[in-house]
Amino acid sequence: MSTKGKRFLSVPVLAVFSLMCFVYYSSIFVFLHDWLNLQSSPGTLNAYLFSLFAFLSLFSFFSCVLTDPGHVPSSYAPDVEFSKDNEAPKKCDKCFVYKPPRTHHCRVCRRCILKMDHHCLWINNCVGYWNYKAFFVFVLYATMSSIYATVIFISCVFQKDWDPIKGSSLKIFYVFYGTMVVGLTITLLTLFGWHVYLVLHNMTTIEYHEGNRAKWLAMKSGQSYRHPFNIGAYRNITSILGPNMLKWLCPTAVSHLKEGVSFPTLRDNS
């Protein structure tokens, strides 16, 4: 089995896949059927729409798992112009290779990752230069699907006649599922909001924490700090999602990405 295929042989990855299947099946064949009846026109329409969001979520999830986040090219050498930023070229003390800007060493993957955001346990892969868009789009589709599932569930609960139900097992299932899907929706909304913030500022999770320290050090010395790769909201978005808005929501549309060893900065515009 290939290295990419082995990424699926992970308990967290299988857990995410199982959760997606469970939410899909329950939403369509239990709650939506009970609410609108799948044989009706509204039931069929909602089933198709929810299936579309579920498919897009699953496709984006597979893209996150299978896409290599990006490694330092063997031919990479620091640019002689690098000294203009008053920084010496950085060399990884584990890989023993020069690190391009925004590159970090992942202790789990045991290699340097281009524009590393974080190592994600749930995709058994790093989130980096080549798969960050897929990760962002996956979180978007998963959030939309989770909200949709919550609406279906709540609508089913409010129209259900509970009086004839004597046993408690069904009620326990409803409470369990409702707690799970609402908690999942809140978690995904929070995660999506966080990455919208990062995209708008052209920042990775690692750079956010490094930036907080840099701001603190700058304040102590009476200076100001601004993230060097923040080149304006629209350019920040297009540098990640691409210049064509029609392809923004396609996780595999990454033809706009280059080698990932250099990035435009504020200094370039000044």
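Modeller: Buried means under 20% relative accessible area, exposed over 50% and partly exposed in between, using a 1.4 Å probe and protein chains only. This is a predicted model, where local features need pLDDT of at least 70 and side-chain atom pairs pLDDT 80 or more, while totals for chains, interfaces and linings use all residues. Numbering starts from 1 along each chain as its sequence is written, and side-chain values use heavy atoms, leaving out hydrogens and water.

Biologist: Thanks! Which residues of helix 2 are buried?

Modeller: Helices (H or I, at least four residues) and strands (E, at least two) are DSSP runs numbered from the N terminus. Helix 3, helix 4 and helix 5 are among what covers the buried residues of helix 2, counting heavy atoms within 4.5 Å as contact. The buried residues are P12, V13, V16, V23, S26, S27, I28, F31 and L32.

Biologist: How far apart are the end C-alpha atoms of helix 2?

Modeller: The expected span is 1.5 Å times one less than the number of residues. With 26 residues, helix 2 should therefore span 38 Å, and the model agrees with that, its end C-alpha atoms being apart by 35 Å.

Biologist: Which residue with a positive phi follows helix 2?

Modeller: The phi there is near 70 degrees. The residue is N37.

Biologist: Which helix gives the largest share of the lining of the second largest pocket?

Modeller: On a 1 Å grid over the protein atoms alone, a pocket is an open set of points for a 1.4 Å probe, with protein on both sides within 12 Å along at least five of seven lines; lining residues have an atom within 4 Å of a point. Here 28 residues line the second largest pocket, with V16, L19, M20, F138 and A142 nearest its centre. Helix 2, helix 3, strand 5, helix 4 and helix 5 each give two or more residues. The largest share, eight residues, comes from helix 2.

Biologist: How many charged residues are in that pocket's lining?

Modeller: Asp, Glu, Lys and Arg count as charged, Ala, Val, Leu, Ile, Met, Phe, Trp, Tyr, Cys and Pro as nonpolar, and the others, Gly among them, as polar. The lining has 23 nonpolar residues and five polar ones. As for charged residues, there are no such residues: none.
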